[in-house]
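Hi,

Here is the structure I promised to pass on.

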Amino acid sequence: MNKTLLITGASRGLGYHLAQRATEDGYRVIGLARHTLPEASFEIRLCDVSDPAAVKQVMSSFKREKTLYGLINAAGIASMNLTLLMPTQTIERLVAVNLLGTIYCSQMVGWLLARQKQGRIINFSTIAVHLALKGEAVYAASKAGVESFSRTFAREMAEHGTTVNVLAPGPIDTDLIAKVSSERIQEVVNQQVISRKAIPEDVYQTVKWLLSEEAAMISGEIIHLGGV
Amino acid sequence: MGTPIREQCEQHILSIAQGLLASPLIVTLDTPLIGRDSPFKSRQLVELLVAVEEFCDETLSVTFDWTSDSALSENRSVYRTLETLVAYIVQLTEGR
């Protein structure tokens with residue numbers, strides 16, 4: 001396969017799993033992350049997605065990359081806390097990484113994919129948006145922004161042959177929810193149509209399908225893994 | 001009479017722009033690129049800018065940053081007309 005994928009947040013968690021699996025499936029993966037990962041089976045370039053200048057610098061290096069096919073915006077952070085108790089700095093960081101980071105990367109890669117006249121952009125939201133989970137207002141707001149952005153951006157990119165979709169999974173065992181109690185996780189899982197925690201491979205299989213030619217007519221969709 | 005680079009830019013960009021428009025409308029340097037008076041659809045504008053970027057890279061050896069604030073600002077954008085776009089590119093070549 002002669003297709004290159006850019007995957008943000010690729011040094012850990014879900015992003016790492018997606019990057020590993022996509023590499024195994026024959027994609028050339030370039031991970032974007034704030035930290036290197038010597039043992040990774042794919043190339044990693046350093047980039048803080050919340051820094052527009054850094055994003056522009058990294059993405060500009062792919063201008064002549066004729067095989068660029070997709071962007072997976074897996075970089076994300078979470079902070080579960082009541083809004084009234086959340087420091088301003090945390091609020092800003094949540095929005096900067098989850099929402100602005102997704103927009104910065106999508107904008108820059110959008111230009112590159114417009115040159116190719118084809119492509120896939122996959123963004124990440126959360127079941128917390130749909131369920132309005134107490135203690136996740138700011139996190140959910142940042143992800144609701146991702147959903148809204150993606151639905152409209154999908155229309156803008158359709159004329160350039162690029163689909164834009166969002167995966168919104170429930171809880172998955174990664175660092176993102178490491179500090180959340182198992183009781184709280186179970187409460188959320190119980191509200192899903194399929195009452196079990198997703199595993200990273202569930203996410204990859206959906207990503208794999210969205211990347212495929214078979215999903216060429218799927219765009220502007222929010223896919224709730226586990227169902228809501 | 002313009003400089004050779006200005007003339008080269010004008011000819012090349014007018015040619016690309018004309019080729020993108022399916023209508024019989026004749027493109028001139030005054031043709032707006034953005035706003036309600038622009039004959040270009042959003043797809044055509046993006047295709048024009050991608051072609052201009054390649055022209056800048058490959059022929060003029062300058063980097064055309066399509067997402068810079070000065071390029072994207074509605075009021076003072078270099079995308080106001082083909083003429084402002086050409087002027088911006090000429091300015092880039094002067095800074096080489």
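**Where the chains meet**

The contact between the two chains draws on eight residues of chain A and five residues of chain B, a contact being two residues whose C-beta atoms, placed from the backbone, lie within 7 Å. On the chain B side, the residues touching chain A split into three nonpolar, one polar and one charged. For those classes, Ala, Val, Leu, Ile, Met, Phe, Trp, Tyr, Cys and Pro count as nonpolar, Asp, Glu, Lys and Arg as charged, and the others, Gly among them, as polar.

Before you read on: this is a predicted model, where local features need pLDDT of at least 70 and side-chain atom pairs count only at pLDDT 80 or more, while totals for chains, interfaces and linings use all residues. Residues are numbered from 1 along each chain as its sequence is written, and chains are lettered from A and ligands numbered from 1 in the order in which they are written.

**Chain A overall**

Chain A has seven helices and seven strands (DSSP runs numbered from the N terminus: helices are H or I with at least four residues, strands E with at least two). Along the sequence they run β-α-β-β-α-β-α-β-α-α-β-α-α-β. The radius of gyration of chain A, over C-alpha atoms, is 17 Å, close to the 17 Å from the globule rule for 228 residues, so chain A is as compact as a globular protein of that length (the rule is 2.2 Å times the number of residues to the power 0.38).

**The sheet**

The seven strands of chain A make an open, parallel sheet in the order 3-2-1-4-5-6-7; strands pair if DSSP finds at least two bridges between them. Strand 3 (43-46) and strand 7 (222-225) of chain A are the edges, each with a single partner strand, so one side of each has no neighbour in the sheet. Strand 5 (residues 119-124) and strand 6 (residues 162-169) of chain A pair in the parallel sense over six bridges, and A:Arg120 has A:Thr163 in strand 6 as its bridge partner.

**One residue to look at**

A:Met157 sits in helix 5 (residues 137-158) of chain A. Is A:Met157 buried or exposed? It counts as buried, because it has 24 C-beta neighbours inside 10 Å (20 or more other C-beta atoms within 10 Å is buried, 12 or fewer exposed, in between partly exposed, with C-beta atoms placed from the backbone). Leaving out residues up to four places away in sequence, A:Met157 touches A:Gly110, A:Ile121, A:Thr162 and A:Val164.

Cheers
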